[in-house]
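Thanks for making the time this morning.

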Amino acid sequence: MIEKIWRYIKIIMTFLMLFYVLYIIFVFTYYPKKMQAFCDSTTIGESIEGLKEKADTNNFRYSEDIQSKGLIVYDIKTIGTSTCFISYTDNGQVSKKSYRND
């Protein structure tokens, strides 16, 4: 009886490990593409406030540096490996953008 229970536990653990590995592969292939699509869809001249709202609706996080007029948009699920760097002008319009995937 104990051997049968132990066999079921090993089978369940194997499936959990397999699911975990597949999830990691999914996260590091899907979310960087989603971030790149977000960065590519950003247009020069777009409002920085509208861009922040778009980042919020996509569940991205952003960090703003007011002195250098830059916005860094990243996805916490990929541990910051895919990032969109956005520069903006004094009037709040996007002036430059770039995407980096480590």
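**Contacts and overall form**

Of the contacts in the chain with a separation of 6 or more, 37% are accounted for by residues 24 or more positions apart, where contact means heavy atoms within 4.5 Å. Before going on, please keep in mind that this is a predicted model, in which local features need pLDDT of at least 70 and side-chain atom pairs count only at pLDDT 80 or more, whereas totals for chains, interfaces and linings use all residues. Residues are numbered from 1 along each chain as its sequence is written, and side-chain values use heavy atoms, with hydrogens and water left out.

The secondary structure comes to 2 helices and 4 strands, and along the sequence these follow the pattern α-α-β-β-β-β; helices (H or I, at least four residues) and strands (E, at least two) are DSSP runs, numbered from the N terminus. The radius of gyration of the chain is 20 Å, well over the 13 Å that the globule rule gives for 102 residues, so the chain is more spread out than a compact globule. For that comparison, the radius is taken over C-alpha atoms, and the globule rule is 2.2 Å times the number of residues to the power 0.38. Along its principal axes, the C-alpha trace spans about 75 × 20 × 20 Å. Of the 102 residues, 25% count as buried, which is to say under 20% relative accessible area, with exposed being over 50% and partly exposed in between (1.4 Å probe, protein chains only).

**The sheet**

The 4 strands form an open sheet in the order E1-E2-E3-E4, with antiparallel pairing, and two strands pair if DSSP finds at least two bridges between them. Strand E1 (61-65) and strand E4 (94-101) each have a single partner strand, so one side of each is left without a neighbour in the sheet. On average, and with direction ignored, neighbouring strands are turned by 15° against each other; axes here are lines fitted to C-alpha atoms, for helices over the stretch in contact, and angles run from 0 to 180 degrees between N-to-C directions.

E1 is joined to E2 by 5 bridges, and within this pair Ser63 stands opposite Ile72. Their hairpin has 4 residues between the strands, and Lys69 takes a positive phi near 55° in it. Strand E2 (residues 70-74) is also joined to E3 by 5 bridges, with Tyr74 standing opposite Thr83 in E3. Helix H1 lies across E2, E3 and E4, and runs at about 165° to E4.

**The disulfide**

Which cysteines form a disulfide? They are Cys39 and Cys84, whose sulfur atoms are 2.2 Å apart, the criterion being a pair of cysteine sulfur atoms within 2.5 Å. This pair links distant parts of the chain, since Cys39 belongs to helix H1 (residues 2-41) and Cys84 to strand E3 (residues 82-88), 45 residues apart. The link is right-handed, with 70° about the S-S bond, and both cysteines are buried.

**One lysine**

Leaving aside neighbours within four places in sequence, Lys52 is in contact with Tyr62, Glu64 and Leu71.
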